Amino acid sequence: MSKNLVAYYSRKGENYFGGSIRSVAKGNTEYVAEYIAEAVGADIFEIETAEKYPDDYMRCTEVAKSELKNKARPGLKRELGSIAGYDNIFVCGPCWWGTYPMAVFTFAERFDWSGKKIFAVMTHEGSGMGSSERDLRDSCRGAEMADSIAISGSQAQSSEKTVSDWAKKCLG
Ligand SMILES: Cc1cc2nc3c(=O)[nH]c(=O)nc-3n(C[C@H](O)[C@H](O)[C@H](O)COP(=O)(O)O)c2cc1C
């Protein structure tokens, strides 16, 4: 039987929801990642940075912009030892300036992805997948890029059926 992994980055704290800023205890992508893991029976790994991003939304966008510009690879709080045991890997993250947060690439570049199937998952506020699929392909040496899905961040919490159906179809 094939083994599945859901790896995700998600930021708690202040975020922008359809016109206003709210502080949340659980990020949008975390909901989606948990729904996928539950639907397909996957292990789940949270990609966390060693240094926290500012809680303030605007300040966080500035830090993220500068990291993107500098192709930063922020250190991770915790490492996943290996992906060798997995066949299918869902890589989930929010859209930050049109792509994944740089920490997702820190994570991805650690591994040899030969023989792994990758499913890109992104939550966003209008940019869809942005350049995330291309950027992920560049960072995941040897991977086979399979299907992807973009979920509007404001609908992440209520997306269980959509993402569960999609994830099952991916592996079906
Ligand atoms: C630093 C930062 C940059 C963002 N840039 C974009 C963007 O370029 N395009 C977009 O559609 N949404 C953007 N957003 C909105 C997030 O992608 C969206 O709210 C996402 O669902 C947040 O997921 P999370 O709660 O799991 O972190 C940005 C949010 C942050 C904090």
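**Fold, first helix and ligand shell of the predicted model**

Of the 172 residues in the protein chain, 37% are buried, a residue being called buried if 20 or more other C-beta atoms lie within 10 Å of its own, exposed if 12 or fewer do, and partly exposed in between, with C-beta atoms placed from the backbone. The structure is a predicted model, in which local features need pLDDT of at least 70 and side-chain atom pairs count only at pLDDT 80 or more, whereas totals for chains, interfaces and linings use all residues. Residues are numbered from 1 along each chain as its sequence is written.

The protein chain contains five helices and seven strands, where helices (H or I, at least four residues) and strands (E, at least two) are DSSP runs numbered from the N terminus. Along the sequence these elements follow the pattern β-β-β-α-β-α-β-α-β-α-β-α. The radius of gyration of the protein chain is 15 Å, close to the 16 Å that the globule rule gives for 172 residues, so the chain is as compact as a globular protein of that length; this radius is taken over C-alpha atoms, and the rule is 2.2 Å times the number of residues to the power 0.38.

Helix 1 (28–40) is mostly covered, with 11 of its 13 residues buried, among them Asn 28, Thr 29, Tyr 35 and Val 40. The cover over these buried residues includes strand 1 (4–8), strand 4 (43–46), strand 7 (144–152) and helix 5 (160–171), as judged by contacts, in which the C-beta atoms of two residues, placed from the backbone, lie within 7 Å. The end C-alpha atoms of helix 1 are 19 Å apart, which agrees with the 18 Å that its 13 residues should span at 1.5 Å a residue, the expected span being 1.5 Å times one less than the number of residues. Gly 41, which follows helix 1, has a positive phi near 70°.

A positive phi is also found in Lys 71, a residue other than glycine, where the value is near 50°. Lys 71 belongs to the loop between helix 2 and strand 5 (88–94), and Lys 71 is exposed, with 8 other C-beta atoms within 10 Å.

The ligand is surrounded by 22 residues, of which the closest are Ser 10, Gly 27, Thr 29, Pro 94 and Gly 153; a residue is near a molecule if its C-beta atom, placed from the backbone, lies within 6 Å of it. Elements that each supply at least two residues of this shell include strand 2 (13–17) and helix 1.
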